[in-house]
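Here is a friendly walk through a few packing details of one model. Please have the sequence and the 3D view open as you read.

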Amino acid sequence: MMHRLLSVTTNRLLACAAPRARGVGPHALSARGYAASAGKIPAAPMVYVAGEEMTRYTMELILDRWVRPHVDTSAWEFFDLRAKNRDDTSDQVLRDVIDAGARLKAIFKEPTITPTADQVKRLGLKKAWGSPNGAMRRGWNGITISRDTIHIDGVELGYKKPVFFERHAVGGEYSAGYKIVGRGKLTTTFVPEGETEPVVVDERDVVDNLNAVVTYHNPLDNVTQLARIFFGRCLDAGITPYVVTKKTVFKWQEPFWATMKSVFDAEFKQKFVDAKIIAPDAELVHLLSDAATMKLVVWTDGGFGMAAHNYDGDVLTDELAQVHMSPGFITSNLVGVDENGVLIKEFEASHGTVTDMDEARLRGEETSLNPLGMVEGLIGAMNHAADVHGGANRVLPYTAGLRATIHRLFREGRGTRDLCGPGGLTTEQFIDAVAEALPEEINK
């Protein structure tokens, strides 16, 4: 079920396709040629990050058929984040994306690849460039990655009502240091800033002949911000919040829970009671991560939210996607903050570049890629850009009309084959169908 949207067989990450994005200069994609014209909706400034393979091909069709005929995108800054371009620019393009995102606060990112050793050789890359996501989270002071279910009125997916998830955007295994060692004594120390005497964090004997020693830490300063974002979103949507940890075993996870509960009790509990989301005598519920995996399967009515550490959030949202049809029906929005407290938001789809479908397309075979997850990301970025820079009165009716058009076609059985079966439309046919129906919706 999980891969019905994403692939013909499985979503393998193979060689990236030849570049299809327009480009001038080493890494910036030109917005020239899309200048304002009479009657077009002026889009607010934002960053547009182009990726590769099937999702790049599809998004270029969407820009040409759904966006540029109606929207002036001349204020957008376009960047080419294909693996080959990262290699050609020694990753300067990624640094430029981070700088532009910090300045404009709103970013849309197409799926990209993190090259494997095989791809490094096949593409002639200088090195295996790491995932850009970690650099973006650091560069934009990432707080949380919001991953929510996408719903289409009248179409049954997995959960009946929305499910929200906040994944702590920093810390954990992703930034771990490690070394493979033999027998010996292992001492982990910490030297406080401004001091010279080390504090022993852990000390143990290592008795096996082969061991992996791993060190990482979880920054906790921004958990208060994460809590406010999470509880605020749940309150606005009228859904019940839960906090997920494994603190009974991993005692170091206790501060995450304690901070979340403190913020809830002090700032949100009475609001949830007043909104009749929870009972007057109810408390914020903690779920062990083991229990959360089961609740995601059985709570298919939806109407709840979960917040978790980085790794647990990564794994649990993969399960969330499986229950809710596929990753194509889950959002993925990074929320960070600048030095003045202004939120920086980056929007993307939860799925990858759909390599095998792109290979089928290049062989001349029909494909049927559902672009809803990517379009939800584009809508989110356009709306946030308008909130930050102005112009919401023009942009929001367009994005609402685009969403409504896509949903209507799916309800009418004129969607892609993941939802409409073998008689559904191909990738290109669906793009054309939306393009034909869109003017009626946005001109209401």
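## Helix pairs and a buried histidine

Helices α6 and α7 cross in a right-handed way (right-handed if the near helix is turned clockwise from the far one by less than a right angle, left-handed if anticlockwise). On the α6 side, the contact includes V223, L226, F230 and L235, and on the α7 side F256, M260, V263 and F272 are among the residues involved; contact means heavy atoms within 4.5 Å. By class, this contact of α6 with α7 has 13 nonpolar, three polar and three charged residues. Here Ala, Val, Leu, Ile, Met, Phe, Trp, Tyr, Cys and Pro count as nonpolar, Asp, Glu, Lys and Arg as charged, and the others, Gly among them, as polar.

This is a predicted model, in which local features need pLDDT of at least 70, side-chain atom pairs count only at pLDDT 80 or more, and totals for chains, interfaces and linings use all residues. Residues are numbered from 1 along each chain as its sequence is written, and side-chain values use heavy atoms, with hydrogens and water left out.

The table gives the geometry of two helix pairs. Axes are lines fitted to C-alpha atoms, for helices over the stretch in contact, and angles run from 0 to 180 degrees between N-to-C directions. Helices are DSSP runs (H or I, at least four residues), as are strands (E, at least two), numbered from the N terminus.

| Helix pair | Angle | Axes apart |
|---|---|---|
| α6 (residues 223-237) and α7 (residues 254-274) | about 35° | 9 Å |
| α12 (residues 392-411) and α14 (residues 427-442) | about 125° | 9 Å |

The crossing of α12 and α14 is right-handed. Residues meeting there include Y398, L402, I406 and F410 of α12, with F430, V434, L438 and I442 among those of α14. By class, twelve nonpolar, two polar and two charged residues make up the contact of α12 with α14.

Now for H309, which sits in the loop between β15 (304-308) and α9 (310-323). Is H309 buried or exposed? H309 counts as buried because its relative accessibility is 5% (buried means under 20% relative accessible area, exposed over 50%, partly exposed in between, with a 1.4 Å probe and protein chains only). Leaving aside neighbours within four places in sequence, H309 is in contact with R167, H168, N218, V244, T245, W252, Q253 and F256.

Lastly, α10 (residues 355-362) is mostly covered, with six of its eight residues buried. Those buried residues pack against α1 (53-67).
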